[in-house]
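This report describes a protein model through its ligand site, its sheets, the helices packed on them and a few loop residues. The sequence and the structure come first.

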Amino acid sequence: MSFKNLGLSPSLLRALDKLNYKQPTPIQEKAIPPILAGKDVLGIAQTGSGKTASFALPTLMNLQKDTRLRNRCVKVLVLVPTRELAVQVNEVFHQFGRVIENHVRTLAVFGGVSINPQMQKLQNVHILTATPGRLLELIEKKAVKLSDVQTLILDEADKMLNKSFEKEFQSILKLLPRKRQNLLFSATLSKDLEGIREVLLKEPTVIKIEPKKTNIELINQSAYLVTDAKKGPLLRYLIKNNDFKQVLVFASSTYKVDNIVNKLKKNGVDAFAIHSGKSQSARTNALAHFKAGKVQALVTTDLLARGIDIEFLPCVVNYELPRSPKDFIHRIGRTGRAENPGQAITLVTEKDLPHFKTIQKKMGKWVDLSYSEEINLHGY
Ligand code: AMP
């Protein structure tokens, strides 16, 4: 199957060719035709599967056909759970949007930065990617209206539909036209999502791509049994001895993230932190530097566990286990993406062992446990 057979326009085909996207990924192959046909779609595919382009390309094609695009109002609303994902998804829309004939305009809006520039830019936007809180603020200020939205897209839909966004999501939903196309994409499908999809999607095309195992198999996993006190030295030992060019470290709290970064820096490892307590400009800078390969270690909370695409990331370290096994899979999924092998290292304390067992069971893969006591951590 080629992109050409999927009914994409010559300008999009040229853009795909430039990006060296030789053929559609499975989710793209399955999702593009029903989206082009105006159907509702529920797509379950792992991050790294080309999910974003699978909804961006046909949505852009549909807009291209829209002769009423001259009225400058939001036609496509993409809701995402994090600011970083908003930027990333908007980049994909922008990348393809600027090459198509109708020249659609795209924008990402998210909190943590000044609202005024967003308000000004909003006037001419057709495709808006937003985090729910900032979108509601903009609506309140009458900077945007949603009455012309033809397509609603929820990326990381299970997150968007769970308790943390429920109130905001319901407020937004009320402002959308009832007749619209709904596209839900998620790497995981939880019970909550099952429930809501009855409300949201009329006879949706359900697409489930299951490369999960293969993707997880691509990741070379190891785990170390270690005491809390030795985690810091072990992390530094692992980074230095393996000569990791880049490593993404997950911890459970903002306090811990800052602590790890400080200690890494003191020990000569270039490290940045991203967490909810950081200003948006610091978050954006840190991610941009990391994506550009300019910083060796990025330490974060589960804020970055979902959706964020970092090309050729060689290694993820779970400094602490996440509460949910699903988040573990999301975290390690930051590496081993797009057919590149990756490595995931998990630090486990004695009291984590039962929980780690549950995680492995859910993941369907057992990880060899090494003993940090056998490593000489002196000097780290
Ligand atoms: P996503 O799942 O949307 O985060 O995409 C993961 C990565 O795959 C991104 O870096 C995309 O640029 C890349 N990608 C998406 N579709 C294709 C394709 N058909 N061929 C090659 N790379 C792709």
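A polar side-chain atom of Tyr21 lies 2.4 Å from an oxygen atom of the ligand. The model is a predicted one, and this distance, like the others below, is computed from its atoms. Tyr21 belongs to a group of 13 residues around the ligand, and it is among those that come nearest, together with Gln28, Gly50, Thr52 and Asp309.

| Residue | Protein atom | Ligand atom | Distance |
|---|---|---|---|
| Tyr21 | polar side-chain atom | oxygen | 2.4 Å |

Seven strands form an open sheet with parallel pairing, in the order S3-S4-S2-S5-S6-S1-S7. Strand S3 (106-109) and strand S7 (205-208) are the edge strands; each has a single partner strand, so one side of each has no neighbour in the sheet. On average, and with direction ignored, neighbouring strands here are turned by 10° against each other. Within the sheet, strand S1 (residues 41-44) runs parallel to strand S6 (residues 181-186), and four bridges join them. In this pair Ile44 is opposite Ser186 of S6.

Helix H4 packs on this sheet, where it touches strand S2 (76-79), S3, strand S4 (127-130) and S5; the direction of H4 makes about 180° with that of S3. Helix H6 lies across S2, S3 and S4 and runs at about 120° to S4.

**The sheet that contains S13**

Another open sheet of seven strands has the order S10-S11-S9-S12-S13-S8-S14, again with parallel pairing. Its edges are strand S10 (271-274) and strand S14 (369-371), each with a single partner strand, so one side of each is left without a neighbour in the sheet. Neighbouring strands of this sheet are turned by 20° against each other on average, direction ignored.

Strand S13 (residues 342-348) is mostly covered, with six of its seven residues buried. S13 pairs in the parallel sense with strand S8 (residues 219-225) over seven bridges, and in that pair Ser222 is opposite Ile345 of S13. S13 also pairs with strand S12 (residues 315-318), in the parallel sense and over four bridges; here Asn318 has Thr346 as its bridge partner in S13. S8 in turn runs parallel to S14, to which three bridges join it, and Tyr224 stands opposite Ser370 in S14.

Helix H13 (residues 280-291) packs on this sheet and touches S9, S10 and strand S11 (297-300); the direction of H13 makes about 135° with that of S10.

**Loop residues**

Leaving out residues up to four places away in sequence, Thr301 touches Phe250, Ala251, Ser253, Thr254, Val257, Ile274 and His275.

Most residues other than glycine have a negative phi. Lys142 has a positive phi, near 60°. Lys142 sits in the loop between helix H6 (132-140) and strand S5 (151-155). Because its relative accessibility is 75%, Lys142 counts as exposed. Asp243 also has a positive phi, near 55°, and is found in the loop between helix H11 (231-241) and strand S9 (247-250). At 49% relative accessibility, Asp243 counts as partly exposed.

Terms used. Residues are numbered from 1 along each chain as its sequence is written. This is a predicted model: local features need pLDDT of at least 70, side-chain atom pairs count only at pLDDT 80 or more; totals for chains, interfaces and linings use all residues. Side-chain values use heavy atoms; hydrogens and water are left out. Helices (H or I, at least four residues) and strands (E, at least two) are DSSP runs, numbered from the N terminus. Buried means under 20% relative accessible area, exposed over 50%, partly exposed in between (1.4 Å probe, protein chains only). Two strands pair if DSSP finds at least two bridges between them. Axes are lines fitted to C-alpha atoms, for helices over the stretch in contact, and angles run from 0 to 180 degrees between N-to-C directions. Contact means heavy atoms within 4.5 Å. A residue is near a molecule or strand if one of its heavy atoms lies within 4 Å of it. A polar contact is a pair of N or O atoms within 3.5 Å; within protein, one must be able to donate a hydrogen and the other to accept it, and residues adjacent in sequence count only if both atoms are side-chain atoms.
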